[in-house]
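Subject: Structure handover

Hello,

The structure is below, followed by notes on what was found in it. Please look through them when you have time.

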Amino acid sequence: MPGRRNEKENQLKIRDARSEDRDAARKITLSAFEQYAAVMPPPRWEGYRENILATLTEIAPAQHIVAEKEGAIIGSVLLYPPGTAFSTPDEGPITCPEVRLLAVAPEAQGQGIGTVLMKECIRRVHRLGASCLNLHTTDMMKVAMRMYERMGFVRAPELDFHPDPSVTVKAYRLELGSRW
């Protein structure tokens with residue numbers, strides 16, 4: 001049954017990243033986020049790019065999850081435990097896990113891979129017994145924002161932050177009820 005074998009090999013695999021996946025994940029993340037360089041002032045883009053690289057260099061304590069197809073990494077996301085990725089000056093560490101740096105290779109975008117990676121994060125968070133999942137994004141990431149909203153994430157403006165006065169990094173939260 002050679003047809004079935006090829007079919008299985010072509011299926012998307014979602015799994016924990018291995019050390020040998022780091023370079024591919026870094027390349028995919030940078031290439032996915034590169035589109036924002038055109039809408040950001042060069043110094044802000046360079047700072048953002050350096051932050052992405054630093055985050056992908058020192059991943060702990062996050063779970064690094066990748067999407068693999070035909071033996072190639074085509075997507076990546078970080079899932080942080082509660083209280084480790086973000087805190088607020090008023091409330092301290094946030095009690096929900098947080099997703100960061102969801103990225104899909106540009107040539108694989110539009111195939112639902114980002115949604116599958118997010119569903120894996122939700123599954124893991126639910127399995128841990130957490131009641132919610134947070135993420136941060138900006139208005140320039142309109143496609144991602146639509147996906148998050150379709151999945152049930154709602155704005156959590158109390159967790160927004162401003163890296164500079166002209167930029168609002170918007171928080172979203174998914175309450176994990178019976179749907180998940």
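A disulfide is taken here as a pair of cysteine sulfur atoms within 2.5 Å. Please keep in mind that this is a predicted model.

Disulfide

By that rule the count is 1 disulfide. The bond joins C96 to C132, with an S to S distance of 1.6 Å. The two cysteines sit in distant parts of the chain, 36 residues apart: C96 is in the loop between β5 (92-93) and β6, and C132 is in strand β7. The S-S torsion for C96 and C132 is about -70°, so the disulfide is left-handed.

Are C96 and C132 buried or exposed? With buried meaning under 20% relative accessible area, C96 counts as buried at 3%. C132 is buried too, at 6%. Another cysteine, C121, has a relative accessible area of 0% and is therefore buried.

Largest pocket

The volume of the largest pocket is about 1200 Å³. Its lining comprises 45 residues, of which F33, Y48, H136, T137 and M141 are the closest to the centre.

Which elements supply at least two residues each to this lining? They are listed here:

- helices α2 (22-33), α3 (42-57), α4 (113-128) and α5 (142-150)
- strands β6 (98-104), β7 (132-137), β9 (161-164) and β10 (167-175)

Strand β6 gives the most to the lining, with 7 residues. Sorted by class, the lining of the largest pocket holds 26 nonpolar, 13 polar and 6 charged residues. In that sorting, Tyr and Cys count as nonpolar, and Gly counts as polar.

R15 lies in strand β1, which covers residues 13-16. Its relative accessible area is 14%, so R15 is buried by the 20% cut-off given above.

Which side chains make polar contacts with the side chain of R15? One is D21, in a contact of 2.7 Å. Another is E68, where the contact is 2.6 Å.

Leaving out residues up to four places away in sequence, R15 touches D21, H64, I65, V66, E68, I73 and R124.

Regards

Definitions and conventions: Residues are numbered from 1 along each chain as its sequence is written. This is a predicted model: local features need pLDDT of at least 70, side-chain atom pairs count only at pLDDT 80 or more; totals for chains, interfaces and linings use all residues. Side-chain values use heavy atoms; hydrogens and water are left out. On a 1 Å grid over the protein atoms alone, a cavity is a set of points where a 1.4 Å probe fits but cannot get out, and a pocket is an open set with protein on both sides within 12 Å along at least five of seven lines; lining residues have an atom within 4 Å of a point. Grid points are joined across faces, edges and corners, and a volume is the space filled by probe spheres set on the points. Helices (H or I, at least four residues) and strands (E, at least two) are DSSP runs, numbered from the N terminus. Buried means under 20% relative accessible area, exposed over 50%, partly exposed in between (1.4 Å probe, protein chains only). A polar contact is a pair of N or O atoms within 3.5 Å; within protein, one must be able to donate a hydrogen and the other to accept it, and residues adjacent in sequence count only if both atoms are side-chain atoms. Contact means heavy atoms within 4.5 Å.
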